[in-house]
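I opened the file and kept notes as I went.

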Amino acid sequence: MGIEYKKEFFDREYTAWEAYSRVWKYARKYRFRIVVGIVCGMLTAGTLLPLFQVIQPTLEKVSESERVNALKAELAFDEVEETPAAEVEAVKKVHKSKLERQMESASKLPSWFPKAERLAAKVGIKLQDEEGAMGGALLFMAVVGIPLVALARLLLIFLNQYCLTWAASHVVADLRVEILKKINAQAMQFHGRVDVGQVMTRATGDPQIVQSIIQSMLSELARAPFEIVVSVGFIIYFAIENHMLPTLAIIFIGMPAFMLPVVGLGKVIRKWSKRTLEKSSVVGSRIHEILTCIKVVKAYNTEDFENEKYLQTNNIFLKATLRAVRWGLLVGPTVETIGIILICGFLVWCFATHVTLSTIIPMIAPLLLIYKPIKQLASLQVQIETAQASLQRIWSIMDVDMELPEKADASEKPSFDDKIVFDDVSFRYFGADRDAVSHASFEIGRGKMVAFVGGTGSGKTTMSGLLARFFDPCEGKITMDGIDIRDLRVGDLRKLIGSVQQETTLFNDTIEENIKYGSPNATHEDVVKAAKLANAHDFIMSQPEGYNRMAGEKGFALSGGERQRVAIARAILRNPPILVLDEATSALDTVTEKLVQDALTNLMQNRTVFAIAHRLSTIRNADLILVMDRGEIIERGTHDELYAKNGAYRKLCDMQKTTN
């Protein structure tokens, strides 16, 4: 079966205001471009006004002029008809009355037209002929002016979208960096509790939604409302000028119906958008787990099993995605359907009240143009709900607080001079039913070696984690040269400690860069010298790429012994005064173990060593051996002292002799 989404312990809910207002924290650095983009979007709406003012009155003028000419022709025709003079006079009176009304109607021009006509007359241009029809100059202005307005609109739309896209891309890049910083800053307690695959999705996929917030949503919010305002403003102006307030009332009573489906579907869209993001995290987590455990998958020949398991997980994600899409796609068609119904109702009303088509022609263009921005605002609701779900996941991880505290006046510690003391230290992992380390007390002087032995889960590795301050003790304290390590700068403490783990993980980079990791200022000669001390130089140079050879994902391009020696070279180059060794030779063959052990001997010289021992033969010369069981130190002393006690340590030694 596919794995289900596991809500992380740090997840929480945020209101729309909390979610969206925090985006500005990252966007304000790019506020100039954002403002330019928004202003250009607002000005884009303004380019509609010249179109309304020029096109509609011009078309109306042409239509009215044609009707006037038709009436004149009809009147002239009536005069030559062979009819009684009295009837002719009566008909002429009727036609003259119609002609006067039509000419009066044709003379109704927009308020700006007389000013434009006077200005044109000063330079010898006539906008109307003697009969009031549209002149060629006015036609030329319409043909040239409209394309110019269209070009200006095109430029404004480009600037609107480019500036907002530029700002959005930078905000997303910054946010990804901030998320990674936040994750890296958390203590190991955090990393031990989270699903790595799902955290990866939050760090890489969810921030992309922020780009749509700035790029698409802001762009539409900058244009659509102002296009609506300009169009509605012109409709109101025209209705007042032409005494069409009843028509105007009908239009604005019906317009709010456009937003009804948006309000009704909003909550459903948000719910399924959130579920889609959760299922996406599960898919990412599953891929990460398979690739991380690929050796196990190959060894147990379970490729088909994992493929089927992933197929089921992916199908769950697909179903959630399609359901969210279905609800989102309902918004647009619903708005369109309501619009069509309202238009049909409006036409019926016009017919019933004897409102002529020519009377409402000037209002048709702005009404049609309103439809698009209203539809955009409707679809914007889908984006808003989806984005809010992503923002909740982003801010949840940004608000998690499991960082190890560092005092504002933390002491600097450039060197280790005397001794390290564990004073009644206890520690328990979150959710555990017992202490991983219980009331541990011991001290180790500079240049000495302390070794920890015991079974799996006895607390050996936790001891080294406490020393490096991956965790803080629940009780007791650890001091270095008499200073509690919680009072030291974390960076200074970590610089004093180097480690070589049993399971060495390298980065997918060159061998040289892996050796230099943590010592960025080291030269190539320094790297070669460290590699020689680690018995790594020969195997490195045996390949044509030499130090430029890629180590592969997690160092898989190298053998276990090669990875260990690269890690030892890295520790030698770092040159820390304190060294933590999680037995680096326990999983190696005899020949490789000898090479690695010699390298460790070179590394351990003149250093204080904390050794986690699996092969007891490697710690015979330790200054202090601590035998641990279920988090407690049950025996302590040198090898000879502990062996002579005939206790737990001796049993471990005899057991290894028997198995060897």
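My notes start with the whole chain, then turn to one helix and its surroundings, then to the cavities.

**Ground rules.** I am working with a predicted model, where local features need pLDDT of at least 70 and side-chain atom pairs count only at pLDDT 80 or more, while totals for chains, interfaces and linings use all residues. Residues are numbered from 1 along each chain as its sequence is written, and side-chain values use heavy atoms, with hydrogens and water left out.

**Whole chain.** I found 24 helices and 10 strands. These are DSSP runs numbered from the N terminus (helices H or I, at least four residues; strands E, at least two). Of the 660 residues, 43% are buried. Buried is under 20% relative accessible area and exposed over 50%, with partly exposed in between (1.4 Å probe, protein chains only). The exposed surface comes to about 34800 Å² by the Shrake-Rupley method with a 1.4 Å probe. Carbon and sulfur atoms supply 60% of that surface. I then checked contacts (heavy atoms within 4.5 Å). Among those between residues at least 6 apart in sequence, 78% join residues at least 24 apart.

**Helix H19.** I looked at residues 524-533 and found Val527, Val528, Ala530 and Ala531 buried. They sit on the same side of H19, because they cover an arc of only 165° around the axis. That arc is taken from the directions from the helix axis to the C-beta atoms. Exposed Glu525 and Lys529 are on the face turned away from the buried side. What do the buried residues of H19 pack against? I noted helix H18 (511-516), H20 and helix H21 (560-574). Asn535 follows H19 with a positive phi, near 55°.

**His537.** This residue lies in helix H20 (residues 537-541). Leaving out residues up to four places away in sequence, His537 touches Val528, Ala531, Lys532 and Tyr547. The side chains of His537 and Tyr547 are joined by a polar contact of 2.7 Å. For that term I use N or O atoms within 3.5 Å, one able to donate a hydrogen and the other to accept it; residues adjacent in sequence count only if both atoms are side-chain atoms.

**Cavities.** My search of the whole structure gave two cavities of 30 Å³ or more. A cavity is a set of points on a 1 Å grid where a 1.4 Å probe fits but cannot get out; lining residues have an atom within 4 Å of a point. H22 has the largest share, three residues.

Technical notes: 1 Å grid on protein atoms, 1.4 Å probe; cavity = no way out; pocket = protein on both sides within 12 Å on 5 of 7 lines; lining within 4 Å. Points joined across faces, edges and corners; volume = space filled by probe spheres on them.
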